[in-house]
Amino acid sequence: MTLIEGVALREVLDSRGEPTVEAEVYTESGAIGHGIAPSGASTGEHEAIERPPAEAIAAAREHAVPRLVGEVWAGDQRGVDAALRAADGTDNFSEIGANSAVAISMAAADAAAEVLGTPLYQHLGGSFRGRNYPVPLGNVIGGGEHAADATDIQEFLAVPVGAPSVSEAIFANAEIHRAVGDLFAERDVPCGKGDEGAWAPPVSDETAFDVAARAVERVADAVGFEIRLGIDVAATELWDGEHYVYSDETRTPDEQVEYMHELIDRWDLVYVEDPLEEDDFDGFVALTERAPSDTLICGDDLFVTNTERLVRGIEIEAGNSILIKPNQIGTLSATVDAIDLARERGFAPVISHRSGETEDTTIAHLAVAMNAPYIKTGAVGGERTAKLNELIRIADNA
Ligand code: 2PG
Ligand code: MG
C-alpha cells in the first residue's frame with residue numbers, strides 16, 4: 001500500500017445549491033480518490049457537527065491534513081479515521097466539522113480502491129461480501145422539512161420487496177414516481193418537487209397515502225412482483241416539546257404511538273422511520289412491541305449512526321432497524337461499526353442519502369460492501385440516480 005501524499009479540500013455545490021466540502025486524497029503511487037459530504041435538512045440533535053464549509057475546510061487543513069500526509073497508508077481506513085478523530089479532538093467533530101471528516105474519509109477509501117485496482121465496494125467489503133443487493137426505498141411523495149406547503153409526513157416510500165433484481169426494483173420505483181405524478185395530474189393537484197425529487201403536493205397525509213398506494217398497486221400489477229409502502233415521519237420536526245403538531249391535529253406521545261399503529265395496519269407499512277421524536281426511546285419500544293414482526297421500525301434521528309445510542313436502543317428493543325448516514329458520525333470506520341453492531345444484534349441497517357446530495361456514489365458501494373438489506377437514496381433526480389445507476393452498474397459488472 002502507498003502513503004497519502006496530499007489532501008485537497010474545496011467547496012463544491014450540493015443539490016440545493018448550497019456549498020459543501022469535497023476532498024481529494026492523493027497517494028504516492030499517483031492514485032486520486034474523491035469524496036463529497038452530503039447535508040441534511042431534518043438533522044438530528046445528536047448528529048456529528050456540520051460546520052460551515054469554509055470553516056470546516058480551514059480547520060481540516062490546519063489540524064487533519066498534517067496528520068495524514070506522509071503519515072498514513074491510504075488503504076488503512078481505520079488509521080485514516082483515527083487520524084481524523086485525533087485531529088478533531090472532540091467527540092462530535094465540532095472542530096474540523098463532520099463534513100470535512102466524512103469527505104476525507106470517503107476520499108481515502110476511494111483512493112485506496114484505485115491503488116488496489118478494485119471497485120470501491122470490494123475494497124470496503126472484501127471478497128466474501130457484496131453478493132446481495134439492497135432493496136431501494138424510493139421517495140415518491142414528500143413534505144416536512146423537504147418541501148413547503150406539502151405533507152406533514154416527510155417521505156412516502158415505495159418498497160419493492162419482491163423485485164427479482166436491484167435494477168428491476170430501481171425501475172419500478174421510478175415508474176411509481178411517474179404514476180404518482182399522473183394521478184395528481186388527473187386530480188388537478190398542482191405538484192412541485194421537494195429536495196429529494198419526490199412530488200410535493202399541497203395535500204393531506206391521507207391523500208398522499210391513497211395516491212401512493214394506488215400508484216404502487218398499478219406498478220406492482222404491471223411488473224408482477226410485490227411492492228409495499230413505507231414512510232419517514234421525521235417526527236422530531238413535528239414535536240413541539242409536548243405534542244406532535246400536524247396541520248389538522250395535535251397528538252400526545254401516546255396518541256402518536258396509536259396513530260403510527262393505525263397507519264401500519266391500514267396501509268400495510270413495511271417500513272416506518274422516526275415515528276417518534278429523537279429522544280423518545282420508550283415510545284419506540286411501545287410501537288415496536290405492537291408492530292407486526294415484518295415491519296421495520298427504523299431510528300434515524302434516534303440513533304444518528306452512533307453505536308452508543310444504538311446499544312441503548314438494542315437493549316430495550318427500541319425499534320428493529322437503524323438508518324445509516326456516514327455524515328451523521330463523520331467517518332467510514334464508525335459507520336461500519338454501527339452497521340456491524342446492528343447486524344450482530346438483529347437490527348436491519350438501512351444505508352441512506354441526505355436531502356442535500358451530490359454526484360458522490362460512496363453509499364451505493366457501502367450498501368453492497370456491507371450486504372445491507374435496504375438503501376434509501378430517492379427515486380429520481382441526478383444526485384439520486386447517481387447512486388441508483390451505480391448500483392445497477394455494480395450488479396451488472398459483478
Ligand atoms: C432523512 C433524510 C434523508 P435529511 O430524514 O432520513 O431522507 O433527510 O437529510 O434532511 O435529514
Ligand atoms: Mg429520516
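Predicted model: local features only at pLDDT ≥ 70, side-chain atom pairs only at ≥ 80, totals over all residues.
Residues are numbered from 1 along each chain as its sequence is written, and chains are lettered from A and ligands numbered from 1 in the order in which they are written. Local features need pLDDT of at least 70, side-chain atom pairs count only at pLDDT 80 or more, and totals for chains, interfaces and linings use all residues, while side-chain values use heavy atoms, with hydrogens and water left out.

Begin by colouring residues 4-117 as domain 1 and residues 135-397 as domain 2, bounds that come from an automatic or database domain assignment. Their C-alpha centres lie 27 Å apart, and the contact (heavy atoms within 4.5 Å) takes 33 residues from domain 1 and 29 residues from domain 2.

Next select residues 77-88, helix α3, whose twelve residues reach 17 Å from first C-alpha to last, close to the expected 16 Å. The expected span is 1.5 Å times one less than the number of residues; helices (H or I, at least four residues) and strands (E, at least two) are DSSP runs, numbered from the N terminus. Among the buried residues of α3 are Val 80, Ala 83, Leu 84 and Ala 87, where buried means under 20% relative accessible area, exposed over 50% and partly exposed in between (1.4 Å probe, protein chains only). To see what the buried residues of α3 pack against, show β1 (4-13), α1 (53-63), α2 (65-68), α4 (98-116) and α12 (332-344).

Step past the end of α3 to Gly 89, whose phi is positive, near 75°, and then to Phe 93 in the loop between α3 and α4. Phe 93 is a residue other than glycine with a positive phi, near 60°, and it is buried at 0% relative accessibility. Most residues other than glycine have a negative phi.

Ala 234, in the loop between β8 (228-232) and β9 (244-245), likewise has a positive phi, near 50°, and is buried at 5% relative accessibility.

Now select α8, residues 253-267, which has 15 residues and reaches 21 Å, close to the 21 Å expected. Its buried residues include Tyr 259, Met 260, His 261 and Trp 267, and just after the helix Asp 268 takes a positive phi of about 50°.

Finish at the surface with Met 1, Trp 73 and Leu 116, a nonpolar patch with about 320 Å² of accessible area together. Leu 116 belongs to helix α4 and is partly exposed, with a relative accessible area of 47%.

Terms used
Patch = residues over 30% accessible without salt bridge, like charges linked within 9 Å, V, L, I, M, F, W, Y side chains within 5 Å. Areas by Shrake-Rupley, 256 points an atom, 1.4 Å probe, with all protein chains shown as cover. Salt bridge = Lys/Arg side-chain N within 4 Å of Asp/Glu carboxyl O.
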